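Have the structure open beside you as you read.

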Amino acid sequence: MQLSMDLLMKCFANSTDTAHLDTRVLHSDYPAWNRPATEMPVINIDDLTDKDKALMEVNQLKTEIKLERWKTSICCEEIRDYIQAQVDEDTLVKGIAEDKNPFKEKGGCIIC
Amino acid sequence: MAAEKAEIEKLKKECDGLRKQIETARKAVNDGDMKGASSGVESVGRVQLKKRKDLKGHLAKIYAMHWAADSRQMVSASQDGKLLIWDTHTGNKLVAVPLKSAWVMSVAFAPSGNLVASGGLDNMCTVYNVKAASPKTLRELDAHTGYLSCSRFLSDSEILTASGDTTCCLWDLETGKQKVIFTNHIGDCMSLALSPDQNCFISGACDSLAKLWDVREGACKQTFSGHTSDINAIAFFPSSNAIITGSDDTCCKMYDLRADQEVLHYQDSGLNAGVTSLALSSSGRLIFAGYDDFNCHIWDTLKGERVGVLSGHDNRVSCTGVPEDGLGVCTGSWDSFLKLWN
């Protein structure tokens, strides 16, 4: 009996044909440390209209206006006191002994 | 269109009104500045530091440097397309990281010393593991739509970036995703600094404003104005209650966070160059500010006077840094050299 070409083709159809398979790579296929970053919605400044920018500024100012502010004299005195308490250990103000200087140029001869 | 324009006018009027109210509130607590509080403080005299080392190795302009937490290693970035990690005690180069993009503008060392990050005109922040046998790219953080101007690690798993797209961003390094996006500046963000307790950070931008942000909430808490040009450099005062900014307008300013205003500015009529970078000495008494005039000028934080200068570079000083132990100061320049002084 002679097999028809059609039947032959059916039996020996290309089994490597993968067009029908879902070829999307799954997120979990990647090792955890190298997963592609999913993009978060970014507010692109170029997309903001002038009105959006004005609104953003108004809302920000409304938040900032509520701040409780300290007297500058007290703040400055605190900064001054902080510095005074630390300044004796401040190498760049007080200087450093040559033998304790980690950056000094090494080399040179010692005459015994 | 006319209706929209009218709405914008109304909002702008509202902004003006709110700004006036904030200025009034600030004036109400302004009963003295830093000079007044320091009138009884002894002068530091002339601060004369010596250049201790020249670090030669880069072949093009140096744009950024950052000290490691051990106060010994330091990383520098140059447009020769390399990051170099130096042992500053010996002057030796420990690691060279070749960059995919040579247009680098920022570099950062993670507190652990395991990672460094860099980025620039490629709009990306690339994180490298520098403890591996040879430097390995760990992450490419790619979502900014503008250049990367600054980055700072909170830990090996989180990093903050500032971008020319006017936003700053907190990233999760384990997933490579953005965790929080900080939007409020209307000009390119040029620099950022993390508070010692890592709960907030400050950013300086081309809109001449400095902003204080809550790291977790993403909210802008305070805005500091006064500069008249791009703010290129910003740092926290060691007590965390004040910030110092440096700008293209040739001025540095100190703003107190609790008084919500400027308490001193550092300006000299003989200085006509923009400020590119700044760092404070360990007590906060001295400000080291790098300028376009090839020098790093030293300011007395309390009295607002110029007390010294680090001269020797043959081009703009682009970056300045003081290590955690405060034992020296490093300057990096477009002349391709780094210098260590103390």
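Let's begin in the sheet: Ile234(B) has Thr245(B), in E19(B), as its bridge partner. This is a predicted model, in which local features need pLDDT of at least 70 and side-chain atom pairs count only at pLDDT 80 or more, while totals for chains, interfaces and linings use all residues. Residues are numbered from 1 along each chain as its sequence is written, chains are lettered from A and ligands numbered from 1 in the order in which they are written, and side-chain values use heavy atoms, leaving out hydrogens and water.

**The sheet**

- E18(B) and strand E19 (residues 242-247) of chain B run antiparallel and share 5 bridges; strands here are DSSP runs of E with at least two residues, numbered from the N terminus, and two strands pair if DSSP finds at least two bridges between them.
- The open sheet has 4 strands in the order E18-E19-E20-E21 (chain B), with antiparallel pairing.
- Strand E18 (231-236) and E21 of chain B are the edge strands, each with a single partner, so one side of each has no neighbour in the sheet.
- On average, neighbouring strands of this sheet are turned by 25° against each other, direction ignored; the axes are lines fitted to C-alpha atoms, and angles run from 0 to 180 degrees between N-to-C directions.

**Aromatic pairs**

- Over all chains there are 8 aromatic pairs, counted when ring centres of Phe, Tyr and Trp (its six-membered ring) lie within 6.5 Å; planes under 30 degrees apart are stacked, over 60 edge-to-face and the rest tilted.
- Phe201(B) and Trp213(B) are stacked, at 6.0 Å centre to centre with 10° between the planes.
- This pair joins strand E15 (residues 200-205) of chain B, which holds Phe201(B), to strand E16 (residues 210-214) of chain B, which holds Trp213(B), 12 residues apart.
- Phe201(B) is buried at 0% relative accessible area, and Trp213(B) is buried at 0% too (buried is under 20%, exposed over 50%, partly exposed in between, with a 1.4 Å probe and protein chains only).
- Tyr266(B) and Trp299(B) pair edge-to-face, at 6.0 Å centre to centre and 65° between the planes.
- Tyr266(B) lies in strand E21 (residues 261-266) of chain B and Trp299(B) in strand E24 (residues 296-300) of chain B, 33 residues apart.
- Phe182(B), Phe201(B) and Trp213(B) are linked by ring pairs into a cluster.

**Charges over rings**

- The charged end of Arg316(B) sits over the ring of Trp334(B), 4.1 Å from its centre (NZ of Lys or CZ of Arg within 6 Å of the ring centre and within 35 degrees of the ring normal).
- Lys56(B) places its charged end over the ring of Phe337(B), 5.5 Å from the ring centre.
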